Amino acid sequence: DAEITQSPRHKITETGRQVTLACHQTWNHNNMFWYRQDLGHGLRLIHYSYGVQDTNKGEVSDGYSVSRSNTEDLPLTLESAASSQTSVYFCASSSGQGAADTQYFGPGTRLTVL
Amino acid sequence: RKEVEQDPGPFNVPEGATVAFNCTYSNSASQSFFWYRQDCRKEPKLLMSVYSSGNEDGRFTAQLNRASQYISLLIRDSKLSDSATYLCVVNSVGSSNTGKLIFGQGTTLQVKP
């Protein structure tokens with residue numbers, strides 16, 4: 001069955017370290033998204049991609065970067081982790097077939113920055 | 001004003017009750033509407049899409065009122081397993097690819113025995 005996976009599921013790191021969170025989907029979806037979810041803020045879009053070599057900034061992109069070298073993967077990199085980036089991170093994908101496009105989410109990565 | 005607004009709750013209801021959640025959205029050009037369900041510490045999952053004519057899936061009914069920019073979700077005969085957070089979701093307008101979604105903060109439902 002097609003799916004979307006994230007790794008690691010839990011990560012503890014120190015302030016200033018570079019961290020990469022992996023997202024892999026086997027839906028062959030064009031669109032991929034990264035969100036963070038914090039109490040009081042709901043899901044906030046970090047970066048997104050509409051296809052290979054395409055990346056775009058979301059509403060909370062500062063301190064994060066992504067690259068899309070193939071259809072299946074959109075890794076999220078925290079260049080220099082900060083305590084404010086402690087959060088739950090969700091990756092999602094959608095087919096890119098139009099306005100009624102359902103997003104499917106990965107299981108999430110819980111990141112703690114000490 | 002937030003683009004998608006929901007009452008965060010929590011809504012505490014007994015088993016068997018009927019409960020309704022409401023959501024308002026700010027952009028009248030929005031075209032696609034969804035309800036997602038999120039269980040504690042889990043990923044959001046699509047519950048149902050919301051169509052202009054309204055739609056029903058078992059105990060769940062979704063309604064859209066474009067004039068008032070208002071979406072609702074009705075749950076009949078609540079089960080303990082319905083306890084979750086329900087996210088109101090609207091497509092983002094104005095982007096070249098309409099795949100972006102805007103999520104409300106969610107409404108928490110707790111069904112009690």
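The model is predicted: local features need pLDDT of at least 70, side-chain atom pairs count only at pLDDT 80 or more, and totals for chains, interfaces and linings use all residues. Residues are numbered from 1 along each chain as its sequence is written, and side-chain values use heavy atoms, with hydrogens and water left out.

Let's start at Arg9(A), in the loop between strand S1 (4-7) and strand S2 (10-13) of chain A; strands are DSSP runs of E, at least two residues, numbered from the N terminus. With a relative accessible area of 41%, Arg9(A) is partly exposed, the class between buried (under 20%) and exposed (over 50%), using a 1.4 Å probe and protein chains only.

Now look at what surrounds Arg9(A). Beyond its neighbours within four places in sequence, Arg9(A) is in contact with Pro107(A), Gly108(A), Thr109(A) and Arg110(A), where contact means heavy atoms within 4.5 Å. The side chain of Arg9(A) reaches two backbone oxygens: that of Pro107(A) at 3.5 Å and that of Gly108(A) at 3.0 Å. Leu111(A) is 102 residues from Arg9(A) in sequence, yet their C-alpha atoms are 8.3 Å apart.

Next comes the meeting of the two chains, which takes 22 residues from chain A and 21 residues from chain B. Between them they bury about 1700 Å², 52% of it on carbon and sulfur atoms; buried area is the accessible area (1.4 Å probe) lost on being put together, summed over both parts. On the side of chain A that touches chain B, strand S4 (31-38) and strand S5 (42-51) each supply at least two residues, and S5(A) gives the most, with five.

Notes
Chains lettered and ligands numbered in written order. Helix = DSSP H or I, 4+ residues; strand = E, 2+ residues; numbered from the N terminus. Polar contact = N/O pair within 3.5 Å; in protein donor to acceptor, adjacent residues only side chain to side chain. Buried area = accessible area lost by both parts, 1.4 Å probe.
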